[in-house]
Amino acid sequence: MRAQFVLSEIAVGLRRNLTMTFAVVISVALSLALFGGALLLREQVGTMKDFWYDKVNVSIFLCNKNDARNSPQCAKGAVTGDQKDQIKADLDKMNVVDKIHYESAEQAYKRYQDSYGDTPIADTITPDQMPESFRVKLHDPEKYQVVASAFAGRPGVQSVEDQRSILQNLFDLMNGMNVTAIAVMILMLIIALMLIVNTVRVSAFSRRRETGIMRLVGASSFYIQLPFILEAAIAGLLGGLLAAGMLVAGRYFLIDHGLALADKMPLINFIGWDALMTKLPLVLAIGLLMPALAAFVALRKYLKV
């Protein structure tokens, strides 16, 4: 009988405040969708870093005869055979180095033609203009400075470049998007909490006669508060389910189908469905508990029991 009464009170409360309940559901859904999206975007950045940092190299570009005229680092002329041998020997001694690949000017020219052979400037490049280089794979890509400090400025070395810097702008952009999503999420979360508190206040005021009677017949504070808390929890759960649906739909239509970014951008290692599914229980739990807690706190002020 008590459970039936509580359920009837919940139905009455939701029906009386249908518009505000709908606003709560939408606000919670948007804030939780942004929350889940921010978590997934952060994991995507981490996955991409692990994927690409494992493949990037530190490039030690050597001086050629053209650099001797144009680059201060190569003022003493093109790299000599002895200098190349010494650089190779020093690289072999370094514990941070995993693999070393020497690329000749002819190999660099061929790779350039394969990548940019269709562009107008490709015809103006000759093999003697391409630099020789050592492509160094590190055990830990974060140890770039160890190689840079050891070889930058050495005779025969034109420059030392970390290929991670090419990807860093992309990662910075994605991190910026993540921060923006979190900021919007916080704003939507504040709006949702304000709506929940206001909904509880209006609901408590509209049912002050019923709660007064319940208080007179000896109902406990928890029993009186329970319908209001469950109303907020149900609205929050509906918002959480909507947010979960938005995340699943976003993954489905953006990555796998619709825009099909996985097919159009094969160089990006997108996170899988397993990563998404592990976030959904958290989204639903927050959607259920956050409004219930907000309602419980609000009732201490607006429902004198």
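Buried denotes a relative accessible area under 20%. The views below show a predicted model.

**View 1. Overall composition of the protein chain.** Eleven helices and four strands make up the secondary structure of the protein chain. The chain has 305 residues, of which 41% count as buried. Among its contacts with a separation of 6 or more, 82% are accounted for by residues 24 or more positions apart.

**View 2. The disulfide of Cys63 and Cys74.** One disulfide is counted in the model. Cys63 is joined to Cys74 with an S to S distance of 1.9 Å. The link of Cys63 and Cys74 is left-handed, with -75° about the S-S bond. Cys63 is located in the loop between strand 1 (58-62) and helix 3 (67-70), while Cys74 is located in the loop between helix 3 and helix 4 (81-93); the pair therefore ties together parts that are eleven residues apart in sequence. Both Cys63 and Cys74 are buried.

**View 3. The largest nonpolar core.** This core has 32 residues, and those touching the most other members are Val28, Ile196, Val200, Leu247 and Val283. At least two residues of the core are supplied by each of helix 2 (18-53), helix 7 (164-206), helix 9 (221-256) and helix 11 (273-302). Helix 11 contributes the most, with ten residues. In soluble globular proteins, nonpolar side chains tend to be buried together.

View 4. When residues up to four places away in sequence are not counted, Val200 touches Ala295, Ala298 and Leu299.

**View 5. A nonpolar patch on the surface.** The patch is formed by Leu230, Ile234, Leu237, Leu238, Leu241, Leu288 and Leu289, which together have about 550 Å² of accessible area. Helix 9 and helix 11 each supply at least two residues of the patch. Helix 9 gives the most, with five residues. Leu230 belongs to helix 9. Leu230 counts as partly exposed because its relative accessibility is 31%, a value assigned to that class when it falls between the limits of under 20% for buried and over 50% for exposed.

Notes. Residues are numbered from 1 along each chain as its sequence is written. This is a predicted model: local features need pLDDT of at least 70, side-chain atom pairs count only at pLDDT 80 or more; totals for chains, interfaces and linings use all residues. Side-chain values use heavy atoms; hydrogens and water are left out. Buried means under 20% relative accessible area, exposed over 50%, partly exposed in between (1.4 Å probe, protein chains only). Contact means heavy atoms within 4.5 Å. A nonpolar core is a set of buried Ala, Val, Leu, Ile, Met, Phe, Trp, Tyr and Cys residues joined through side-chain atoms within 4.5 Å. A disulfide is a pair of cysteine sulfur atoms within 2.5 Å. Patches are made of residues with over 30% relative accessible area and no salt bridge: like charges are joined within 9 Å, nonpolar side chains (Val, Leu, Ile, Met, Phe, Trp, Tyr) within 5 Å. Accessible areas come from the Shrake-Rupley method with a 1.4 Å probe; for residues, only the protein chains shown count as cover. A salt bridge is a side-chain nitrogen of Lys or Arg within 4 Å of a carboxyl oxygen of Asp or Glu.
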